[in-house]
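Work through these exercises with the sequence and the model at hand. Each task is followed by its solution.

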Amino acid sequence: EGYRIMTAATGKEALAQLGEPTSVRPHVIVADYNLPGGMTGLDTIRKVRRALGEQLPSVVITADRSSTVRRAIEAAGLVSVSKPVRTAELVSVVEALASVARPGWQRIAWPRVSPAPVARARSEASVAVIDDESSVREALRKALEADGYKVVTFPSGQAFFADDERGRFRCLVVDVNLPGMNGLALQDRLKQERSGTPIIFVTGSGVLSSAVRAMREGAADFLQKPVRVDALRESVQRVLAGSEQAAGDRAQRDEAAARLGTLTGRERQVIEHMVAGQATKNIAAELRISE
């Protein structure tokens, strides 16, 4: 993706590397929550920030979904990404935090192959642009329509929710600082409606706390105004690719659940033993049935 990376296996190793004269000075930290060596990811982030004298934007990666870990991450004001990590989600979070923390910053844009699923789906993808500035709405609309998307614009969150067919949109591009219902309030209402439509936030003010909250609540990306056309196109492509992958995952889970629902009680007993890795003869012996 064009970033320069410093890697470490433990918090102690990371701190040691920072003391080397040739080390990369990080602008964003990505840390696993459960690190070996006695320091958690949160401990490491705190100590790296203290060593550099800067509150670097940070991302915590974790497979632990317990309320204790979640509260600890939120209390530290950090964004988390769940394992198994999807590349598109991690890239979106890192780029959003980097761009908000350092407005005007751009990563090196190495040539990449666009995801094939997005290319197939563009003509079917409807995108909503919600911004109170008419000039911004039109600029974003033209940029996305030139890329083959169907685009509908709204001047406010209220206007968007007045559309009874808003469920048709596969991606939303939303200004954070909307009058009345702001972008974060719009995001909250969509969550209440159990909408899984991904949101790309745009903002003219580089407020890291807003970006952290938006990303924590599930925002797909966070772009700075004035929005670069190539950054917007890339973000929408990436979000739709991730959305399509997530839809495929959900479909697979639903199909698996439907198939499991057709099993008899005895068949369910057998498959539970199979999933546990037991041999056929052992399963038969334990259930007292023939192989």
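Helices are DSSP runs (H or I, at least four residues), numbered from the N terminus. This is a predicted model, where local features need pLDDT of at least 70, side-chain atom pairs count only at pLDDT 80 or more, and totals for chains, interfaces and linings use all residues. Residues are numbered from 1 along each chain as its sequence is written, and side-chain values use heavy atoms, with hydrogens and water left out.

**Exercise 1.** Find which residues of helix α12 are buried and which are exposed.

*Solution.* Start with the cut-offs: buried means under 20% relative accessible area, exposed over 50%, partly exposed in between (1.4 Å probe, protein chains only). Helix α12 covers residues 280-287. Its residues I283, A284 and L287 are buried. Looking down the axis of α12, these buried residues fall within an arc of 100 degrees, so they line one face of the helix. The arc is taken from the directions from the helix axis to the C-beta atoms. K281, A285 and E286 are exposed on the other side of α12. After α12 comes R288, with a positive phi near 60 degrees.

**Exercise 2.** Describe how α11 and α12 are placed against each other.

*Solution.* The buried residues of α12 pack against α11 (265-275). Now take the axes, which are lines fitted to C-alpha atoms, for helices over the stretch in contact; angles run from 0 to 180 degrees between N-to-C directions. The axes of α11 and α12 come within 10 Å and cross at roughly 135 degrees. Angles under 35 degrees count as roughly parallel, over 145 as roughly antiparallel, 65 to 115 as roughly perpendicular and the rest as oblique. α11 and α12 are therefore oblique to each other. Next, list the contacts (heavy atoms within 4.5 Å). From α11, R266, Q269, V270, H273 and M274 meet I283, E286 and L287 of α12.

**Exercise 3.** Compare the angle between α1 and α2 with the cut-offs above, then locate L18.

*Solution.* Helix α1 spans residues 11-18 and helix α2 residues 41-52. They pack at an angle of about 15 degrees, with axes 10 Å apart. α1 and α2 are therefore roughly parallel to each other. G11, L15 and L18 in α1 meet T44, K47, V48, A51 and L52 in α2. L18 belongs to α1. With 17% relative accessibility, L18 counts as buried. L18 and L52 lie 34 residues apart in sequence, yet 8.5 Å apart in space, C-alpha to C-alpha. Beyond its neighbours within four places in sequence, L18 is in contact with M6, S23, V24, P26, V48 and L52.

Conventions. Helix = DSSP H or I, 4+ residues; strand = E, 2+ residues; numbered from the N terminus.
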